[in-house]
Amino acid sequence: MKKRLGIISLFVLLFIAFIVVWNFSYQTGLEEAYIPIEKTQANSYIPSESGVFQRSEFALEYANMPIDKNHERTLDSYYNNRAYHGAPPSIPHTIKDEKSFGGNTCLQCHQNGGFVSKFNAYAPVTPHPEMVNCRQCHVAQNSRTLFKSANLIKVQAPKVGVNNALIGTPPMIPHQIQMRENCLSCHAGPAAPKEIRVSHPERINCRQCHVPTDRVVSEIKPFTRTNSNNDE
């Protein structure tokens with residue numbers, strides 16, 4: 001009799017366990033599905049790697065273009081056309097339609113560049129032609145008489161030739177990459193400033209060798225090795 005009661009008790013416990021497990025599974029199945037989001041460290045200076053290849057079809061053309069020394073841009077003129085280092089370049093010429101945000105009017109010259117006889121200069125190529133509201137960031141130049149002098153400290157633009165990690169290594173990228181993913185737009189072709197015009201535009205995977213840095217180049221101190229007892 002006791003043996004029979006033990007067997008019945010075992011089956012009762014198993015049945016109760018089955019009901020508990022089934023109820024838990026059933027309630028869990030009623031919950032809405034979701035995708036857990038893992039917190040990752042955001043990279044503030046490389047938002048996209050695809051932009052570097054968007055002008056790759058012009059790479060060989062850039063390599064074969066003759067250099068027009070009479071209409072070269074310099075790095076000084078490149079920086080002087082900005083309110084401050086890192087600011088969008090201002091518009092140094094008259095605007096066709098003051099009520100326009102830019103769009104195709106600007107892209108006629110600045111999407112692929114080319115010589116503009118009206119201004120006797122090569123049009124700089126925009127690295128972000130998909131952003132058609134150009135005048136949302138780029139403003140026309142105004143007379144300096146509209147402004148008063150201030151005691152604000154001017155941020156010095158990076159100099160060429162001092163942003164290499166080691167002697168003989170490829171120079172680092174001293175600026176942010178966001179909205180500047182198309183390297184060849186500013187570093188290749190006749191409109192590129194001569195000091196930063198790349199000598200090998202056909203090698204389009206620029207960031208394979210050139211790495212960005214978020215440090216001010218002037219703060220990077222040269223490495224000097226000191227002798228110690230371990231060297232003996």
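The model is predicted, so local features need pLDDT of at least 70 and side-chain atom pairs count only at pLDDT 80 or more, while totals for chains, interfaces and linings use all residues. Residues are numbered from 1 along each chain as its sequence is written, and side-chain values use heavy atoms, with hydrogens and water left out.

## Overall layout

The protein chain has five helices and two strands. Helices (H or I, at least four residues) and strands (E, at least two) are DSSP runs, numbered from the N terminus. Read from the N terminus, the order of elements is α-α-α-α-β-β-α.

Of the 232 residues in the protein chain, 21% are buried. Buried means under 20% relative accessible area, exposed means over 50%, and partly exposed lies in between (1.4 Å probe, protein chains only). The protein chain exposes about 18700 Å², and carbon and sulfur atoms supply 57% of that area. Accessible areas come from the Shrake-Rupley method with a 1.4 Å probe; for residues, only the protein chains shown count as cover.

Contact means heavy atoms within 4.5 Å. Among contacts in the protein chain between residues at least 6 apart in sequence, 72% join residues at least 24 apart.

## Core and surface patch

The largest nonpolar core has six residues: Phe58, Ala59, Tyr62, Val125, Leu184 and Ala188. A nonpolar core is a set of buried Ala, Val, Leu, Ile, Met, Phe, Trp, Tyr and Cys residues joined through side-chain atoms within 4.5 Å. Beyond its neighbours within four places in sequence, Leu184 is in contact with Arg55, Ala59, Tyr62, Pro201 and Ile204.

A nonpolar patch on the surface has about 1200 Å² of accessible area together, and its members include Leu5, Leu13, Trp22 and Leu30. Patches are made of residues with over 30% relative accessible area and no salt bridge; like charges are joined within 9 Å, and nonpolar side chains (Val, Leu, Ile, Met, Phe, Trp, Tyr) within 5 Å. Leu13 belongs to helix 1 (residues 2-29). Because its relative accessible area is 57%, Leu13 is exposed.

## Helix 5

His187 is in helix 5 (residues 183-187), and with a relative accessible area of 25% His187 is partly exposed. Not counting residues up to four places away in sequence, His187 touches His175, Ala192, Ile196, Arg197 and Val198. Cys186 is also placed in helix 5. Leaving aside neighbours within four places in sequence, Cys186 is in contact with Tyr78, Ala192, Pro193 and Ile196.

## Salt bridge

The whole structure holds one salt bridge, formed by Glu72 and Arg197 with the closest N and O atoms 3.3 Å apart. The pair links distant parts of the chain, 125 residues apart: Glu72 is in the loop between helix 2 (59-64) and helix 3, and Arg197 is in the segment after helix 5. A salt bridge is a side-chain nitrogen of Lys or Arg within 4 Å of a carboxyl oxygen of Asp or Glu. Side chains of opposite charge can pair when their charged atoms come close. Glu72 counts as partly exposed because its relative accessibility is 22%.

The table lists some examples.

| Side chain | Partner | Distance |
|---|---|---|
| Asn81 | Gln141 side chain | 2.6 Å |
| His71 | Asp68 side chain | 2.9 Å |
| His71 | Asn120 side chain | 2.9 Å |

Asn81 lies in the loop between helix 3 (75-80) and helix 4 (104-110). Asn81 counts as buried because its relative accessibility is 15%.

His71 is in the loop between helix 2 and helix 3. His71 and Pro190 are 119 residues apart in sequence, and their C-alpha atoms are 8.1 Å apart in space.

Asn120 lies in the loop between strand 1 (115-116) and strand 2 (121-122). Although Asn120 is not a glycine, it has a positive phi of about 55 degrees. Met179, in the loop between strand 2 and helix 5, is a residue other than glycine with a positive phi near 70 degrees.

How values were computed:
A polar contact is a pair of N or O atoms within 3.5 Å; within protein, one must be able to donate a hydrogen and the other to accept it, and residues adjacent in sequence count only if both atoms are side-chain atoms.
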